[in-house]
Amino acid sequence: MSLFWRIFVLDAIGLVVAAALLLGPVTVSTPILPGEALVVVAGLAALLAVNAAVLRVGLAPLGRLGRAMAEADLLHPGARAVVSGPVETAELITTYNAMLDRLEAERAASAAGALSAQERERHRIARELHDEVGQTLTAVLLQLKRVADRAPQDLCEELGQAQEATRAGLDEIRRIARRLRPGVLDELGLLSALRSLAAEFTTHGLTVRPDLRTGLPPLTEETELVLYRVAQEALTNTARHAGADRAELSLRPVAHGVELLVRDNGGGLGPATGEGAGIRGMRERALLIGATLTVSSGADGEGGRGTDVRLRADADADADADEGAVADTADAADAADAAAAAGVGPAGVAAPLGGR
């Protein structure tokens, strides 16, 4: 029954009872007697209690809907309000859930476009740094070497310092270009790119131990890029904010996909009031491929709480289907070859001897 009819029926019952009392033999003395006043007060209290119960039950789903709306976060998709209550309330909750579906789809599409444009811009800047600034610094380095070969002895030390500064700037440019666009990811694959990333973040104060399993399921280029970027951002947060001296970078196959884990032995998340731009960026990247990202304080077993960044991504279903079809075809071919070798054709018919 809808909320309207519940309230209407309750009010109608009250009015009918009041009319029946007015038309019936029941009378109210003047002045009113204590017993009559008690009956009136009891009836009024019962009517108000029933009215309050009906309204409380009917409006409870709206309260749950309000809490769900206050807690809704498009970076944590999938949470929906429970459809319950009267017809009007159930329709309102259903409409709200449908609106969330549309918002999540639109946010995922806009984020995909924005991050795709960001990757293209990273690629362009990395190429320009490598081709333009890098080549210019290389030319300057060669010119300094030619000048140093002909310079007086008292200037050789200063020219050597200029060469070292130019060489350091060139190495920094190359490092920035690699971080903007990991060429090793395109050339050597995800595992090599993650090993290179672990080596890059292994400094005097931080040791990153890679644990990268082989036998990974086929992944799309977008999934590999998201895995790399999430690992890069997680290690960046570890190096800058965690105060850790050890970190682990692991990638292993799981059911229907892969799991990336970046774990450190730092101070953990702490009483933070909200997620920073780094974690929000990782969540947005995870949404692009439908992956699940969890960031939590974990136990490293040696006194510190540490932080766990865990990303679960699905494998490429199309590639799995193609590999399955290839495997089925290969199995069928092997069976046909075995049957032909045994002198049996299709459906158990004996194959002719000699020749095909």
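Which residue forms a salt bridge with Glu 164? Here are some close-ups from this predicted model.

**View 1. Glu 164 pairs up with Arg 167 in a salt bridge.** Their closest N and O atoms sit 2.9 Å apart. Both belong to helix H4 (residues 153-180), and because they are three residues apart there, about one helical turn separates them. Arg 167 is partly exposed, at 32% relative accessibility. Across the structure there are 12 salt bridges.

**View 2. Arg 252 and Glu 259 make another salt bridge.** Again, look for the closest N and O atoms, 2.9 Å apart.

**View 3. Arg 263 forms a salt bridge with Asp 308.** The closest N and O atoms of this pair are 2.9 Å apart. The link joins distant parts of the chain: Arg 263 lies in strand E3 (residues 257-264) and Asp 308 in strand E5 (residues 307-314), 45 residues apart. Arg 263 is partly exposed at 26% relative accessibility, but Asp 308 is buried at 7%.

**View 4. Zoom out a bit for a network of salt bridges.** Arg 252, Glu 259, Arg 263, Asp 308, Arg 310 and Arg 312 are linked together in it.

**View 5. A nonpolar patch on the surface includes Val 9.** Trp 5, Phe 8, Val 9, Ile 13 and Val 17 form this patch, and together they have about 460 Å² of accessible area. Val 9 is found in helix H1 (residues 3-23). With a relative accessible area of 34%, Val 9 is partly exposed.

Definitions and conventions. Residues numbered from 1 in each chain as written. Predicted model: local features only at pLDDT ≥ 70, side-chain atom pairs only at ≥ 80, totals over all residues. Heavy atoms only, no water. Patch = residues over 30% accessible without salt bridge, like charges linked within 9 Å, V, L, I, M, F, W, Y side chains within 5 Å. Areas by Shrake-Rupley, 256 points an atom, 1.4 Å probe, with all protein chains shown as cover. Salt bridge = Lys/Arg side-chain N within 4 Å of Asp/Glu carboxyl O. Helix = DSSP H or I, 4+ residues; strand = E, 2+ residues; numbered from the N terminus. Buried < 20%, exposed > 50% of the residue type's maximum accessible area, 1.4 Å probe, protein only.
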